[in-house]
Amino acid sequence: MKTAQAGTLESMDCIVSVTESDKGRGISIVMEGASVARFGEAMVKATKDTLKSLGVRDISVSIQDNGAGDLVLKARVEAAVRRLAGGKAA
Amino acid sequence: MAINAVGRDIPDSIPGYGDVKHFKGHDRRPPEGNRFGKRNRTAFNSRTDKTLPDIKAAISASGLKSGMTISFHHHLRNGDFVVNAVLDACAEMGIRDLVIFPTALFGVHKHLTRHIQSGVIRQIMGSVNGPIGQLASEGGMSVPVILRSHGGRPRAVTSGEVVIDVAFIAAPTSDKYGNLSGAVGKSACGSLGYAHSDAEYAQCVIAITDNLVPYPAPCIHIPQFFVDFVVVVNSIGDPAGIVSGTTRVTRDPMRLLIADNAAKLIEATPYFKNGISFQTGAGGISLAVAAYVREAMRERGIKGSFGLGGITEFFVDMMKEGLFERLLDVQSFDLAAVRSIGENPNHVEISADWYANPWNAGCAVNMLDTVVLGATEVDRDFNVNVNTEADGALLHGIGGHQDTAAGAQLTIITTPLLRGRIPCAVDSVYTVTTPGEVVDAIVTEFGVAINPRRQDLIDAAKEAGNVPLVTMDELIDKAHGFTGSMSPVETEERIIGVIEYRDGTVIDVVKQLKKK
């Protein structure tokens, strides 16, 4: 199972880890961190929007959040997905 | 139900709390009745030694029974061994359903979880920090936690609203006849300010010490005529947790900017003159404000009158330098403060009653010019929350927040605009601790918002020309622009925490968190 990662645990950043999923399994998202209680919905939306724009339908995403805003989260998701596709954890 | 003066919908009666007196405004509840009197007792000279062999013997002698109320002070902070030891002894003796009435609990009191779950403890009246707060927030206690400020608690005790059956007073030094001192001993903690009302008003007072000295003890803080029994144990606490080392002024540039803004505001007001009195917390930003104010006092040749509250080395140094005449100390935070209170007659121990009780002939906070406080959230009406976190968990006490805000001429709240993604300036705070009517300014790294009720301060700041003024609306909009909208906290209907204002009215309640 291929995995890739992007981001840091600096304040207002997050670590996004993505793992490939079998076709048809859809998108699964696991999140942890202090903002999840109040921004969970926003984080799920930002993640799904990014995956959609990248054309990804089946993937499992894990977000360790340390207060990232939507822009940062989207960038980390995109970077992780591109690393997964490139086959290297660059 | 009634909507109170800060817009909160509060029931007229709360299970486990009783009838509610609704908050109507910060000075709207007149005092009632007389001071509470405890029963008389006598100790003739046939008994000149109050020591008992152990905690259990003292509990037996006190007459403590299931369902009663026992109290503790928090001067040993996160180093305290006494609360856990007393509750262990109660559990072993089969005493249950206790109401515990500490001035505060700390992380070290996580140990009490087992006694809550087994029914030894029925209710907590006092702040619940960390693990116990989490437990209560998730519905782990059958009766709501009741939070009172440092002034509200002695008000409840001296008025008889709360009757303490047995007070357990951790004493760094005692003699066999119960003269207690916090200033000396291996577990020295300085001021015993929070314990005074308990000593004076509890039906029975048990001192627990690890330093028994010949009669009479030195530097007496609580005198013998309040104390019924004395127990000697090996250790009442861990010195590393009792006093902190030197607290450093923050080096974080963002926090320094907030502190600089706060100091500029103070300097711009008419309170910045000879005789100024001042209180700050021991946190990083507060201490940095004190550092900037000290610089300004030196530069402009200003001498202050007194420093109040929790006293740190920083304030001790300011007094030594002549920038304060005296320190009024309800809690000594570090080693330098502990040493100073034992040596310097201008470093005066004050009780919580003296410090902040709104129902006496005048408490110390009323004489305060400037206080600098923190917040977890502030809102459009300048209401402040220090009790709950963004996820709705009740994790912090009130401390002296309500009291100093109400008493001081200039109440400044310093807070970063964001903590991670969590905005600290919001439309409406999740929990109201301190009403906006007693808050004068919110100071952030993005500017200073002065309460429109204080046009005099706005004018003074404009005249000074160097205070970066913004409106509260601008701060809230800026925060929202960074973070986006928050989802609401999901709660059950059950109330797990009652936040009293310092006058004993209910300013807000905290509800149980929904299971995830």
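Student: What makes two residues count as a contact here, and which residues is I208(B) in contact with, leaving aside its neighbours within four places in sequence?

Tutor: Two residues are in contact if their C-beta atoms, placed from the backbone, lie within 7 Å. Leaving aside neighbours within four places in sequence, I208(B) has such contacts with I55(B), V82(B), F168(B), I169(B), A170(B), A171(B), V231(B), V233(B) and I236(B). This is a predicted model: local features need pLDDT of at least 70, side-chain atom pairs count only at pLDDT 80 or more, and totals for chains, interfaces and linings use all residues. Residues are numbered from 1 along each chain as its sequence is written, and chains are lettered from A and ligands numbered from 1 in the order in which they are written.

Student: What makes a set of residues a nonpolar core, and which residues have the most contacts inside the largest one?

Tutor: A nonpolar core is a set of buried Ala, Val, Leu, Ile, Met, Phe, Trp, Tyr and Cys residues joined through C-beta atoms within 7 Å. A residue is buried if 20 or more other C-beta atoms lie within 10 Å of its own, exposed if 12 or fewer, and partly exposed in between, with C-beta atoms placed from the backbone. The largest core has 166 residues, and V82(B), I169(B) and I208(B) have the most contacts inside it. At least three of its residues come from each of domain 1 (48-241) and domain 2 (253-489) of chain B, with bounds from an automatic or database domain assignment.

Student: How do you know which strands pair with strand 19 of chain B?

Tutor: Strands (E, at least two residues) and helices (H or I, at least four) are DSSP runs, numbered from the N terminus. Two strands pair if DSSP finds at least two bridges between them. Strand 19 (residues 370-373) has 3 bridges to strand 15 of chain B and 4 to strand 22 of chain B, so by that rule strand 19 pairs with each. Both pairings are parallel. V371(B) is the bridge partner of Q279(B), and I413(B) that of L373(B).

Student: Why are strands 21 and 25 of chain B said to stand at the edges?

Tutor: The open sheet has the order 21-20-25, with mixed pairing. Strand 21 (384-385) and strand 25 (425-426) of chain B each have a single partner strand, so one side of each is left without a neighbour in the sheet.

Student: Why does the radius of gyration of chain B agree with a compact globule?

Tutor: The radius is taken over C-alpha atoms, and the globule rule is 2.2 Å times the number of residues to the power 0.38. For 516 residues a compact globule would have a value near 24 Å; chain B has 23 Å, which agrees.
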